[in-house]
Amino acid sequence: MRAVVFKSPYEVNVEQVEDPKIGSPRDALLRVTTSGICGSDLHMYEGRTGASPGIIFGHEIMGIIEEVGDGVVGLKPGDRVVLPFNVACGFCFNCVRGFTSACLTVNPHGVSGGYGYVDMGPYRGGQAEQVLVPFADFNCLKLPGSEEDELEDDFVLLSDIFPTGYHGAVLAGVFPGSTVAVFGAGPVGLMAAYSASLMGAGEIYVVDFIPERLEKARQIGAIPIDFSKGDPVGRIMELRMKSGLKPGEEKMPGVLCGVDAVGYQARDTKNPGKENPSQVLEDLARLVNPTGSIGIVGVYFTKDPRGVDDPARKGNFLLPWGRFFEKGIAIGMGQTPVKKYNAILRDLIVDGRAKPSFVISHRIPLSKVPEAYRKFDERTEGHTKVVIKPKMH
Ligand SMILES: [Zn+2]
Ligand SMILES: [Zn+2]
């Protein structure tokens, strides 16, 4: 089969690789109909994670079951499914408590497994024609309809970014009427803002500096804030003071719910050409009101060979801890346990109450993937979210 293989920083190739084969009775073989390129793939692509060459990328996967092992009871060839990016067993201490993001049995070198990702176990990625699904009964979410119908591109987002954005909003404590600021209008940030609006948030601000992304934020009813035009925190507070503050809120000009959908490759707001890994958390410390909450779903790594300084290369950052404590802010973070959310979000899509595919900008065949990585990485030509269609030529 053909698959997207990581060669070296800034280089991926589409190569002929060995077909996956059922190895355990609990495996299933999936023919991929759609898979996504994720912002988190770019960290590996740029050589910012210590990923070794040879990895087949892709953790946002959906398709049709082709073959199942003898021990698979709930799936049969022809079933249409989407996979959580987390690979999980379903029976370990963390899985049984719902934390499939920290499965204890699937990664021989640590906690938590995933497809096509550095340090997440031996699972090949789904930017390919086929993929092997371990513990298939547990890891497949069944979908109605048929291949490439009008919900295909909504469903593929259930693998990662829709649940991840939703998780960010949950960790940020979003509730009906709440005030929300999302930093980052990449695919996950847009999904966080969209989820906050599904949850009934009152005001939603989205901070970024790429015009196409800010335009998408505006389209879903959020207020876009371009940080290249000045301090985003001051501007959100100004807007709130002009029209948003309710009686008694004078000392609370910020927001109650903050989402970091950027992570460690944050840009310096005063100088967008430069990285400042703690910029977003510094901004959130100023912006989030006392008693508020912050959800961090943008990623931070323990290894970053190209980090801005020595501590950053080891994942250590200087943070306004005193400010967080003084305000009594709750902070939640980490990888999303996709299975906690994917079934209910699927049902919102099926019922026509959510249409997350508004975020997708490009649909491409495998042969165009190297070029798409380059453009998505440069955020040029409106590359907001790219999905791959292996059948397309
Ligand atoms: Zn992803
Ligand atoms: Zn487990």
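Predicted model: local features only at pLDDT ≥ 70, side-chain atom pairs only at ≥ 80, totals over all residues.
I started with R346, which is buried at a relative accessible area of 18% (buried is under 20%, exposed over 50%, partly exposed in between, with a 1.4 Å probe and protein chains only). Residues are numbered from 1 along each chain as written, and side-chain values use heavy atoms, without hydrogens and water.

R346 sits in helix α12 (helices are DSSP runs of H or I, at least four residues; strands are E, at least two; numbering goes from the N terminus). I found its side chain in a polar contact with the D347 side chain at 2.9 Å (N or O atoms within 3.5 Å, one able to donate a hydrogen and the other to accept it; sequence neighbours count only if both atoms are side-chain atoms).

Next I looked up L158. Beyond four places in sequence, L158 is in contact with residues including V82, L141, I349 and R346 (heavy atoms within 4.5 Å). L158, F162 and V174 touch the most other members of the largest nonpolar core, which has 45 residues (buried Ala, Val, Leu, Ile, Met, Phe, Trp, Tyr and Cys joined through side-chain atoms within 4.5 Å). Helix α6 gives the most to this core, seven residues. Domain 1 (2-160 + 338-388) and domain 2 (161-333) both contribute, so the core lies between them; the bounds come from an automatic or database assignment.

Last, cysteines. I got zero disulfides (sulfur atoms within 2.5 Å). C140 is in none, its nearest cysteine sulfur being that of C95, 14 Å away. C140 is buried at 10%, and C92 is buried at 6%.

Technical notes: Chains lettered and ligands numbered in written order.
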